[in-house]
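Please open the structure in a viewer and keep the selection tool at hand.

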Amino acid sequence: MIKIPIQEIDQLLQENYGIQAKIKELPGYEDLNYIIDYKNSRSILKITVNPDAQLSVMPQVRVLNVLNKTDNLRGLIPEITSTLNGEKTLEWEYDGTKLIVRILSFLEGNFMGEKSPLMSFFAMLGEFMGKLDNTLSKINEPLFRQLHLEWDLANFLENEELCQYIKNPYNRTLVEYFFLQYREIVTPAYKNLRKSLIHNDINDWNVLAADNKVAGLIDFGDMVHTATINELAIALAYAMMKQDDPLAVAYELIKGYHSVFPLKEEELDILYYLSASRLCTTIVMAAKNASNDPNNEYFQISAQPAWDVLHKWIRISPLKARKVFHKACGLTVPMHTKSKKELLIERNKYLPSSLSVSYNEPLGMTGSALQYMYDDEGDTYLDCVNNIPHVGYCHPRVVKAGQKQMARLNTNTRYLYESLNEYAKKLLSKFPDRLSKVLFVNSGSAATDLAIRLARNHTGKDDFIVLDHAYHGNVSTAIGLSPYKFNHKGGSGKPYNTHIAPIPDTYRGIYRTPDVGTRPCGRPDESMGNPIDIGIKYADEIDNVIAENELETKLAGFIAESIPGCGGQIMLPKNYLGEAYKKIRALGGVCIADEVQTGFGRIGEKFWGFELYDVVPDIVILGKPMGNGHPMGAVVFTDEIAESFENGLEFFSSFGGNPVSCEIGLAVLEAIENDGLQENAKTTGRYLLDEFFKIQEENNAEGKGIIGDVRGSGLFMGIEIVKDLETREPDPETASRTVNDMKKEHILLSTDGPEENVIKFKPPLCFTMDNARELLKKLRSVLGA
Ligand code: PMP
């Protein structure tokens, strides 16, 4: 950067402006800036060094002149002092460098970033901006149409690659999510937006306030011809910083702007995403600068206010924001969707009511983002229960992977393509070596069906032992292995070849740990220390099932979830699976682990649930989280089982393992790794489990005593609600009421277990510590009530 001695500046001022002033250099980014005090007035001397920036100085000066002649703007925009020759700018050559010089009036006031204004300020700022943009919209300066600025929101997507500089994986995914929304929602709308000249940088260090009124706007160096609404989007992004209620700020700002320079519907429709885009631009630029200059703390902290707003912004439903923006303009959002009541009536006309809906008052959903769901009224819910959007709803890299492949090729496994092999290899790398083959299907149920077929084919036998209250899927074979279905309301009872072993539930099962309320959680490492090994006692029950049903020669296998979900989120006692597997294998049966709910890092400690118990199954069933919502399932098995299946009867699934699914599956595995989701499940899960125990203790100490048990691993937990701690009598009504009351607090939970008295918790794995604290606060309040 060029450095000019003050004496030289002094001489320049005397010769060209006829003034002798006190001169002080200001820190500058590109231009050289000086405060000059002359008689009783203060001005800013600006010297532009960069030749590209010099091109726009003259057009800028002409714009400032027009603005200064406009009523209501005069005095709030820097005025330019003429040289002795009557020129607004001065060309100066110093030390061989061509410079452009001008003097601007100094505007008094506090920067918006220095002192947070009161809410009423924002309506005035909006009005001021309306006047400004109205005037600018009538100016034609061709140069501003030619500029290509990285800070112009029209070019937002060009900054996407800078996301790589964001270190925190959750934050990086959040910013990438907004890039995805821009591409999906803003890009198609962009060509229909009105365009005009805008200031393009109405930020908290360019707006001046005095007595809570607008006192000025400075720095017209980023002006560009672009979508007019970008002006408001940018101002909004900064105005919301350090404010508790971003939408209240938006309402005032938009109201003021619209009253002077009316906004259009199509502008209000995308403003939510454009404001987020500006926050993201600030963030990625700072991240890039921080990575270039790691010791410069300024870059690390400069984006913090933008992060704070962005974390609030994702929690505001786009619909709610749109409603507020419209209301500020005296408009209402046109609703084309049907009411919930209409949807439900229509649904029941075409679909049987066996397809149930959650909650006493069902929810209608219109959108989702990572761990949040947006309903049809504009409310946001923190999702604590849906385990299918494993890496987060609309995860940007998963969506992109699917979209990209869908646009290129989707076919089936009868052809060769790389992604099938690549995905199979990557998925199998997550398993112990013994589990070395995989077949792809489209659901957990289809995976169960195939697993049963493989086991029967391998053993030449027919019968299965299942755990009581288990659920393994909706196809006939799976229903036949699911006491949760065949033994419950409307069920047709146990098939002849299915045999039920007691569920090793150490709280409610046939063998229990005694210390009500104080027993350690069902973590396998902590359920030791009992005088009798309760896991072995439960495993011995399998001998009884074998003997009673004469299974010695008929047993094809044993199937169990690694943490039975429908059974009530039951942590198996430590030695149970090991002992059970021995007994099954002794009779030539195969051991099947259903990892549909527990797999892919959810349980935190390990990638697969069975790893908690130091066993290796012969067959593993996968589903739900595999495709993050894209319908995928798989069966993973041993070489021996694969060999016996290769008997000439071919296996084919129309959709299983197709190129789109493989790309999505790969992106999910990569997201789990790159976003550190297993680790997050472990740390956030540990914290929550400990806090759930505290809630249990508080609750029981206060004599209410409704939390009988807390158990789980990682982000897979259950809280069992009882009427009485001694008798452990289940209390499904309180469990259901709690879930419905939590919904009113915008937290999604659900109940499970044979008695429907277990509150289940299994959120998307991007669930944060802040989310955990919010859940705990609301749960305490609902349970307390
Ligand atoms: N196994 C388990 C343990 C499950 O929880 C489920 C689904 N709830 C299934 C299998 C069946 O999966 P899907 O619904 O994809 O067919």
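**First stop: a buried serine**

Select Ser317, which counts as buried because its relative accessibility is 0% (buried means under 20% relative accessible area, with a 1.4 Å probe and protein chains only). The model is predicted: local features need pLDDT of at least 70 and side-chain atom pairs count only at pLDDT 80 or more, while totals for chains, interfaces and linings use all residues. Residues are numbered from 1 along each chain as its sequence is written, and side-chain values use heavy atoms, with hydrogens and water left out.

Ser317 sits in the loop between helix H11 (304-313) and helix H12 (318-328); helices (H or I, at least four residues) and strands (E, at least two) are DSSP runs, numbered from the N terminus. Next, display Tyr374, Gly378, Asp379 and Thr380, with which Ser317 is in contact when neighbours within four places in sequence are left aside (contact means heavy atoms within 4.5 Å).

**Second stop: a buried proline**

Move to Pro504, in the loop between strand E17 (498-501) and helix H19 (534-548). Pro504 is likewise buried, with a relative accessible area of 0%. Beyond its neighbours within four places in sequence, Pro504 is in contact with Leu467, Tyr538, Ile570, Met571, Leu572, Pro573 and Tyr576. Then select Pro5 as well: Pro504 and Pro5 are 83 Å apart in space, C-alpha to C-alpha, and 499 residues apart in sequence.

In the side chain of Gln597, an N or O atom is 2.8 Å from an oxygen atom of the ligand. For Lys624, the distance from a side-chain N or O atom to a nitrogen atom of the ligand is 3.0 Å. The protein covers 85% of the 390 Å² of accessible area that the ligand has on its own (Shrake-Rupley method, 1.4 Å probe).

**Last stop: a sheet**

Finally, show the open sheet of 3 strands, ordered E7-E9-E10 with antiparallel pairing (two strands pair if DSSP finds at least two bridges between them). Strand E7 (110-111) and strand E10 (213-217) are at the edges, each with a single partner strand, so one side of each has no neighbour in the sheet. Select Phe111 to find its bridge partner in E9, Leu208.

How values were computed
A polar contact is a pair of N or O atoms within 3.5 Å; within protein, one must be able to donate a hydrogen and the other to accept it, and residues adjacent in sequence count only if both atoms are side-chain atoms. Buried means under 20% relative accessible area, exposed over 50%, partly exposed in between (1.4 Å probe, protein chains only).
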